Amino acid sequence: MQIYLPIAELSVNVFLLLGMGGGVGVLSGLFGVGGGFLMTPLLMFIGIPPAVAVATEANQIVASSVSGVLAHWRRGNVDFKMGIVLLAGGVVGSSFGVWLFTLLRGIGQIDLVIKLSYVVFLTIIGGLMLSESIRAVLRRRKQTPTKRHHHYWIHGLPLKMRFRKSRLYISALLPLAVGFIVGVLSAIMGVGGGFIMVPAMIYLLGMPTVVVVGTSLFQIIFVTANVTVLQAVSNQTVDVVLALLLLAAGVIGAQIGARFGSRLQGEHLRGLLAVLVLTVCAKLTYDLVATPEDIYSLTELEGHS
Amino acid sequence: MTPRKRTAIGILTAAWAIASAALGAAPAAAADDLVVDLSAPVVAITTGFTGADLLLFGVVSGAGDVVVVVRGPARDETVRRKQRIAGVWVNLDRITFDQVPSFYATASNRPLTEFVTPEILLDNQIGVRSLELKAKLKGLDAIEVARFRDALVRNMQRQGLYARETGKVTFLGNRLFRTTITFPANVATGSYVIDVYLVRDNKLISWKTTLMTVRKFGFEASVFDFAHRHSLAYGVLAILIAAMAGWLASAVFRRA
């Protein structure tokens, strides 16, 4: 059954979209990731224009983050103060990101930049996860205690702030910068940015793991909401029909995934996710490097009426 | 397919009746050399839209061959060429073409070269080779423009928006003809111009222009209009819908 997407302006099989939404939902429930970094490339693979894929995925992430954050909030695992500081950076970063996106779209380079960003970040994240999970599996029994608080030059920065929930006393510049960078990526790549935010919070800010996911989700809601509105206003590329189909299947998939996830071992899960990430990455890299079928192309209309 | 065929035959019979009455009353009037109509003046894009077929039919008063040209709403189109930089293919050169038809198809009752002179083809822009596609900037290298022009046509053909081959006009008897115009799912909305030419002895005897519209209808149209006219409200609403859906999912699965 085909459905005509009013903003993407093409017709796509409904069951394909529901399958993708459900499939990515299962993975996100299984691995505890947002899934935007898988869904956006998948949408591009099936022929949705990259600009529509990125903007629509931001809209979908609002839904999945809201449903995720409620569970963490009930358990008291959200550091709102930290979330708001991250968010301040995130709003500025994502606004800048959308501006950059519009500019790149005008000069015909947006597809390249989206794909290159994916290749770079998926390679780094996938590589790190794979090597860590291999190492973890190899020395399962040898447990080495790790130090929580390292002292780097970053701890000498001004504007120190106390974050009670995270039991931290650090410069506000740090979360502001993290928020900004993730915000830019969120706008350009159509992701929540959890896969960068979470490691940054643990390793860079030194936040306790318990509050990391909840706080990350909390700020992702508002950053992706900002991206959605800005994309809607400056590019008119948010397709609500597409977003609704994906999120309806996605929330159900996420619940199924979460139930399966508790039965699998952490290291194996991470290894599987890493393989998946690297596969998507390999396909994107191939697209960029392989000689295209036609080196001439029609780009989307600029200032499309 | 059968119901569609049946209505087509119904329309044709009706057209035949009207046309023969008209011809009987005023024979050989120059303006009535050619009578043309469509099975529907509007193609509606709705939720299940996967493309559409439109039947064009008409009557010619005497002998002759028929050529049909369909042109979609024109807009500027930018063609870009990729080049390999450090192993990666990057868009580099580009040429923007002025007022490019977003859809283009032709049909005739026998191969064009058998009955139309190249001049007629060129003058009336019949066939993609005769289609006038001009670069917006003047003074560009002609060979480059030609390459980009070919690429433009090729890309449009790949998207199914420009026909690769001349379609078939079928004559039923000597005077009544019909052809089917096929629109793909990615067809642009707007006003379409259909020109029908009657050619006899290598000369253009008569032509008729018919207009038709491709429009989004119902829900699709509302969403698109809302997104473009009130983009801020659309964005805010999109977030609210998503937030509601997220909250709903969390509430439902918490209980389950």
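**Strands, helices and the interface**

Guide: In this predicted model, B:Val59 has B:Leu176 as its bridge partner in E11(B).

Visitor: How many bridges join strand E3 of chain B to strand E11 of chain B?

Guide: Strand E3 of chain B covers residues 52–60, and strand E11 of chain B covers residues 176–183. The two run antiparallel, and the pairing of B:Val59 with B:Leu176 lies in E11(B). The number of bridges that join E3(B) to E11(B) is 8.

Visitor: Which residue in the turn of the hairpin formed by E10(B) and E11(B) has a positive phi?

Guide: Strand E10, residues 170–172 of chain B, pairs with E11(B) in the antiparallel sense over 3 bridges, and B:Phe171 has B:Phe177 as its bridge partner in E11(B). The hairpin leaves 3 residues between the two strands. The residue in that turn with a positive phi, of about 80°, is B:Gly173.

Visitor: Which strands stand at the edges of the open sheet of 6 strands in chain B?

Guide: The order of this open sheet is E2-E13-E12-E4-E7-E9 in chain B, and its pairing is mixed. Two of these strands each have a single partner strand, so one side of each is left without a neighbour in the sheet. The strands at the edges are E2 and E9 (167–168) of chain B.

Visitor: Within that sheet, which residue of E13(B) stands opposite B:Arg200?

Guide: Strand E12 of chain B, residues 190–200, is joined to E13(B) by 11 bridges, and the two strands run antiparallel. In E13(B), the residue opposite B:Arg200 is B:Lys203.

Visitor: How do the residues of the side of domain 1 that touches domain 2 of chain B divide into nonpolar, polar and charged?

Guide: Chain B is divided into domain 1, residues 2–216, and domain 2, residues 217–256, and 6 residues of domain 1 are in contact with 6 residues of domain 2. Strand E2 (42–45) and strand E13 (203–216) of chain B each supply at least two residues of the side of domain 1 that touches domain 2. The residues of this side of domain 1 of chain B divide into 2 nonpolar, 2 polar and 2 charged.

Visitor: What percentage of the residues of chain B count as buried?

Guide: Chain B has 5 helices and 13 strands. Among its contacts with a separation of 6 or more, 69% are accounted for by residues 24 or more positions apart. Of the 256 residues of chain B, the share that counts as buried is 29%.

Visitor: Turning to chain A, what is its radius of gyration?

Guide: Chain A has 10 helices and 5 strands. Its radius of gyration is close to the 19 Å that the globule rule gives for 305 residues, so chain A is as compact as a globular protein of that length. The C-alpha trace of chain A spans about 55 × 40 × 40 Å along its principal axes, and the radius of gyration of chain A is 19 Å.

Visitor: How many of the residues of H8(A) are buried?

Guide: H8(A) reaches 37 Å from its first C-alpha to its last, close to the 38 Å expected at 1.5 Å a residue. It is followed by A:Gln236, whose phi is positive, near 50°. H8(A) is mostly covered, and of its 26 residues the number buried is 22.

Visitor: Which residue takes a positive phi just after H7(A)?

Guide: Helix H7 of chain A, residues 194–205, has buried residues including A:Phe195, A:Ile196, A:Met201 and A:Leu205. The cover over the buried residues of H7(A) includes helices H2, H5, H6 and H8 and strand E4 of chain A. The residue just after H7(A) with a positive phi, of about 75°, is A:Gly206.

Visitor: Which element gives the largest share of the side of chain A that touches chain B?

Guide: 44 residues of chain A are in contact with 46 residues of chain B. Among the elements that each supply at least two residues of this side of chain A are H3 (50–74), H8 (209–234) and E5 (296–298). The residues of this side of chain A divide into 28 nonpolar, 14 polar and 2 charged. The largest share, 10 residues, comes from H3(A).

Visitor: Which residue of E5(B) stands opposite A:Tyr296?

Guide: E5(A) is joined by 3 bridges to strand E5 of chain B, residues 74–85, and the two strands run antiparallel. In E5(B), the residue opposite A:Tyr296 is B:Arg81.

Terms used: Residues numbered from 1 in each chain as written. Chains lettered and ligands numbered in written order. Predicted model: local features only at pLDDT ≥ 70, side-chain atom pairs only at ≥ 80, totals over all residues. Contact = placed C-beta atoms within 7 Å. Helix = DSSP H or I, 4+ residues; strand = E, 2+ residues; numbered from the N terminus. Nonpolar A, V, L, I, M, F, W, Y, C, P; charged D, E, K, R; others polar. Pairing = 2+ DSSP bridges. Expected span 1.5 Å × (residues − 1). Buried ≥ 20, exposed ≤ 12 C-beta atoms within 10 Å, placed from the backbone. Rg over C-alpha atoms; globule rule 2.2 N^0.38 Å. Domains from an automatic or database assignment.
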